[in-house]
Amino acid sequence: MKRVLTRGLRAAVPGLGGWAAAALLLALAACSGAAPVAPEVRVVDLRLLESSVFEQRFEIDLRVGNPNDFDLPLDGLTFDLEVNGEDFARGFSNEKITVPRLGEGRLSVVASTTLVELVRQMQLLAERGDLDYRISGTAYFDSLVRRSAPYESEGTFSLLGRRQSPGQRI
């Protein structure tokens, strides 16, 4: 195949040597795959799976948005989740998902945290009534020129509803 393409390039461009044709062919191949923009990853749900004295495991549902003009074949990701400015959970997934061009997909991942981190979050939740989160990590791609890209996003979950001051009308 390479030999046929090299001959075709030499025929199309007179005076192009074998090595020069091969180099041009490699350069064209490198430019043919578009480097993906990192996906947009947001937390949409969090459920406790199991709990022990030393570790708590959660299932976290992530919404993965693809801002690219081509399908995004993800074959894994890593993540660190901060809640209310504090480290909360970390994990990784090797689940494969293809996110359609300019579309979204949903991915469930398992994360672990420590008892200390969980207690700290419960105290903050009692004080604030909402959860500010920041998720960051690396998304890994299958069969693209760029094999990985870092991502980061943040958001807020209001768990207890809005607090109202005394005398305020609803």
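# Briefing: strands, core and confidence of a predicted model

Ten bridges connect strands β1 and β2, and the two run antiparallel. The structure is a predicted model, and its protein chain comprises three helices and eight strands. Read from the N terminus, the order of the elements is α-α-β-β-β-β-β-β-α-β-β.

- Strands β1 and β2 make up a hairpin, with four residues lying between them.
- Within this pairing, Ser 51 is placed opposite Gln 56 of β2.
- The loop between β1 and β2 contains Phe 54.
- Phe 54 has a relative accessible area of 73%, and because exposed means over 50%, this residue counts as exposed.
- Although exposed, Phe 54 touches Thr 113, Thr 114 and Leu 115, leaving aside residues up to four places away in sequence.
- The C-alpha atoms of Phe 54 and Leu 115 are 5.9 Å apart in space, while the two residues are 61 residues apart in sequence.

**The largest nonpolar core**

- The largest nonpolar core holds 26 residues, and the members that touch the most others are Ile 60, Leu 62, Phe 79, Leu 81 and Ile 135.
- At least two residues of this core come from each of β1 (40–51), β2 (56–65), β3 (72–83), β4 (86–93), β5 (97–99), β6 (104–113), β7 (130–141) and β8 (148–158).
- Strand β3 contributes the most to the core, namely six residues.
- Which residues does Leu 81 touch, not counting residues up to four places away in sequence? They are Val 43, Leu 46, Ile 60, Glu 86, Asp 87, Phe 88, Ala 89, Tyr 133, Arg 134 and Ile 135.
- Two of these neighbours of Leu 81, Ile 60 and Ile 135, are themselves listed with Leu 81 among the core members that touch the most others.

**The aromatic pair**

- The model has one aromatic pair.
- The ring centres of Phe 58 and Phe 88 lie 5.4 Å apart and the ring planes are at 50°, so the pair is classed as tilted.
- The pair links distant parts of the chain, since Phe 58 belongs to strand β2 and Phe 88 to strand β4, 30 residues apart.
- Phe 58 has a relative accessibility of 5% and therefore counts as buried, the limit being under 20%.
- Phe 88, at 6% relative accessibility, also counts as buried.

**The chain as a whole**

- The protein chain has 170 residues, of which 33% count as buried.
- Its accessible surface comes to about 10700 Å², and carbon and sulfur atoms account for 56% of this area.
- Among contacts in the protein chain with a separation of 6 or more, 62% join residues 24 or more positions apart.

**Confidence of the prediction**

- The average pLDDT of the protein chain is 77, and 72% of the residues score at least 70.
- Confidence is highest in β5, at 94, and lowest in helix α2 (residues 18–32), at a mean of 47.
- The pLDDT is below 50 over residues 24–32, and this stretch has five contacts in the model beyond near neighbours in sequence.
- Residues 163–170 likewise have a pLDDT below 50, with five contacts beyond near neighbours in sequence.

Key
Residues numbered from 1 in each chain as written. Predicted model: local features only at pLDDT ≥ 70, side-chain atom pairs only at ≥ 80, totals over all residues. Heavy atoms only, no water. Core = buried A, V, L, I, M, F, W, Y, C linked by side-chain atoms within 4.5 Å. Buried < 20%, exposed > 50% of the residue type's maximum accessible area, 1.4 Å probe, protein only. Contact = heavy atoms within 4.5 Å. Phe/Tyr/Trp six-rings, centres within 6.5 Å; stacked < 30°, edge-to-face > 60°. Pairing = 2+ DSSP bridges. pLDDT = per-residue confidence, 0-100. Areas by Shrake-Rupley, 256 points an atom, 1.4 Å probe, with all protein chains shown as cover.
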